[in-house]
There are 2 protein chains.
Amino acid sequence: MSAFPSFAVTVDLVVLTVRDDALCVLVVERGEAPYAGRRALPGGFVHPGEDLEQAARRELAEETGLADGTVHLEQLRSYGAPDRDPRTRVVSVAHLALAPDLPTPQAGTDAAAAAWVPVDSLGPGDLAFDHDEVLRDGVERARAKLEYSPLATAFCPPEFTVGELRRVYEIVWGAALDPRNFHRKATATPGFLEATGERTNRQGGRPAELFRRGPATALLPPLSRPGRSEPAGGTSAST
Amino acid sequence: MSAFPSFAVTVDLVVLTVRDDALCVLVVERGEAPYAGRRALPGGFVHPGEDLEQAARRELAEETGLADGTVHLEQLRSYGAPDRDPRTRVVSVAHLALAPDLPTPQAGTDAAAAAWVPVDSLGPGDLAFDHDEVLRDGVERARAKLEYSPLATAFCPPEFTVGELRRVYEIVWGAALDPRNFHRKATATPGFLEATGERTNRQGGRPAELFRRGPATALLPPLSRPGRSEPAGGTSAST
DNA sequence: ATAATAGTGTCTCTTAGACAATATTTC
DNA sequence: GAAATATTGTCTAAGAGACACTATTAT
């Protein structure tokens, strides 16, 4: 045995932001075959000398122009069905990126057109390759991580109010949260929020205090997503 | 641009079991370079027509002889540092497998010797490649998942007692749990445990009721791992 | 009897969620 | 003034953890 089976390795990006009261994902329109003209998640081949995360950051910069420091990036999972790309055998290492709603117009070097699309507007079959599944996994990861990590702040500008943070939660989870309970919990969770001292800022009523994200890497106790328990009584007998 | 950069893709396995009051991982002794004679996680190259999970299951069978149905298998994450394998550029898709303590002697087809080793006995540098990191990530995933998923049952035989299940939690978490509170919570969590009706089985005192795993895929509410909150008052100073 | 494990009940303290009340702004 | 958002406080119900107590086996 001299040679190893040869694969191509790509990174695909699920880039999420909160925009116009909707959770949006960055999609590009493919210029080349396969799936030319179809929408897809941004991504590309990993270069020979490049780490997986480096490749993801490079693609992120190329396709979105998003500055490095403002975006949260983590590996999601890998997809390697033998027929997922008709060109050759490809294993894709998907990454999840969370960005604030920047005024950045998407300058695509690689892609014909990049656009923010509400995730709810995308149905099965709307994205090329197996990107429907990748997107679904990425959104679910983001929803889950808001519970026990301070990641919701990645959707916010450097300084933000509790109300803005709550709106992020409501939009990502698709559920209304009580503003008063949320305020108490968010500010009480150690390391989650750091007061800036400033308070002006308006989106309607009384000025709110401005916070920046604190040093915590986990939320203890977690914020709980509504509607995840069963209506009291029937898990046993059913099926 | 005609060709894509060429990579080799492997699957590596973090196979965990609970054995002799310790959380153990399956390691093999490498017969070939690189790292010949060193211990490593089992794994191997993905075949050209093979899905990632198929490859993981194949390696699991080859290296451990573990029957397919008895083992929980899930993808962990991928590792792709450019220099992680001196032979060629390799991306490894690590998988996590949880197995009950089978009386199976490890029949290694591929590996010189396979052995169960307590994870606590392995320090940095004891495993080849970047397998220290892979193992650490796998153990942490397992510990975390016991909280909110019924995965602890994957460490148990098909029928087990609440006490056996509790011992799994205690060993994996490395913390003592109150038997009475654990019993109440485990049996009250909907879909977690299914009574078999049988009750004999002895490991000392009064016979215990036998259960099998229920249909639940998540534990609501979760079982909470002790010692994860700060001692009331100081998050700032601590590390 | 003692030792060991299994299982139930009870108590207290904390937390989640509902929601009243107040504060500070714009219109 | 009304309307909107921010922030604090209070109440209640549910869950976590401590732990007394009973049950059933082996020795």
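Biologist: What should I know before I start?

Modeller: This is a predicted model, so local features need pLDDT of at least 70 and side-chain atom pairs count only at pLDDT 80 or more, while totals for chains, interfaces and linings use all residues. Residues are numbered from 1 along each chain as its sequence is written, chains are lettered from A and ligands numbered from 1 in the order in which they are written, and side-chain values use heavy atoms, with hydrogens and water left out.

Biologist: What span should helix α3 of chain B have, and what do its end C-alpha atoms show?

Modeller: First, the naming: helices (H or I, at least four residues) and strands (E, at least two) are DSSP runs, numbered from the N terminus. The expected span of a helix is 1.5 Å times one less than its number of residues. Helix α3 of chain B, residues 162-173, has twelve residues and should therefore span 16 Å; its end C-alpha atoms are 16 Å apart, in agreement.

Biologist: How many residues of α3(B) are buried?

Modeller: Buried means under 20% relative accessible area, exposed means over 50%, and partly exposed is in between (1.4 Å probe, protein chains only). Ten of the twelve residues of α3(B) are buried, which leaves the helix mostly covered. Among them are B:Val162, B:Leu165, B:Tyr169 and B:Trp173.

Biologist: Which elements do those buried residues pack against?

Modeller: Contact means heavy atoms within 4.5 Å. In chain B, the buried residues of α3(B) pack against the strands β1 (8-19), β2 (22-29), β8 (193-195) and β9 (211-213), along with the helices α2 (131-148) and α4 (179-188).

Biologist: At what angle do the axes of α3(B) and α4(B) cross?

Modeller: Axes are lines fitted to C-alpha atoms, for helices over the stretch in contact, and angles run from 0 to 180 degrees between N-to-C directions. The axes of α3(B) and α4(B) cross at roughly 105° and come within 10 Å. That makes α3(B) roughly perpendicular to α4(B); the classes are under 35 degrees for roughly parallel, over 145 for roughly antiparallel, 65 to 115 for roughly perpendicular, and oblique for the rest.

Biologist: Which residues of the two helices meet?

Modeller: On the α3(B) side, B:Val162, B:Leu165, B:Arg166 and B:Tyr169 meet B:Pro179, B:Phe182, B:His183 and B:Thr187 of α4(B). The residues of this contact divide into five nonpolar, two polar and one charged. For those classes, Ala, Val, Leu, Ile, Met, Phe, Trp, Tyr, Cys and Pro count as nonpolar, Asp, Glu, Lys and Arg as charged, and the others, Gly among them, as polar.

Biologist: Where does A:Tyr169 sit, and is it buried or exposed?

Modeller: A:Tyr169 belongs to helix α3 of chain A, residues 162-173. With 0% relative accessibility, A:Tyr169 counts as buried. Leaving out residues up to four places away in sequence, A:Tyr169 touches several residues, including A:Leu146, A:Phe182, A:Phe192 and A:Leu223.

Biologist: What does B:Arg87 contact beyond its sequence neighbours?

Modeller: B:Arg87 lies in the loop between β5 (72-79) and β6 (90-98) of chain B and is partly exposed, at 34% relative accessibility. Setting aside neighbours within four places in sequence, its contacts include A:Phe4 in chain A, plus B:Pro34 and B:Phe129. B:Arg87 and B:Pro34 are 53 residues apart in sequence, yet 7.6 Å apart in space, C-alpha to C-alpha.

Biologist: What stands out in the backbone at B:Pro34 and B:Phe129?

Modeller: The peptide bond from B:Ala33 to B:Pro34 is cis, with omega near -5°. B:Phe129 has a positive phi, near 50°, and is not a glycine. B:Phe129 lies in the loop between β7 (113-118) and α2 of chain B, and counts as buried at 16% relative accessibility.
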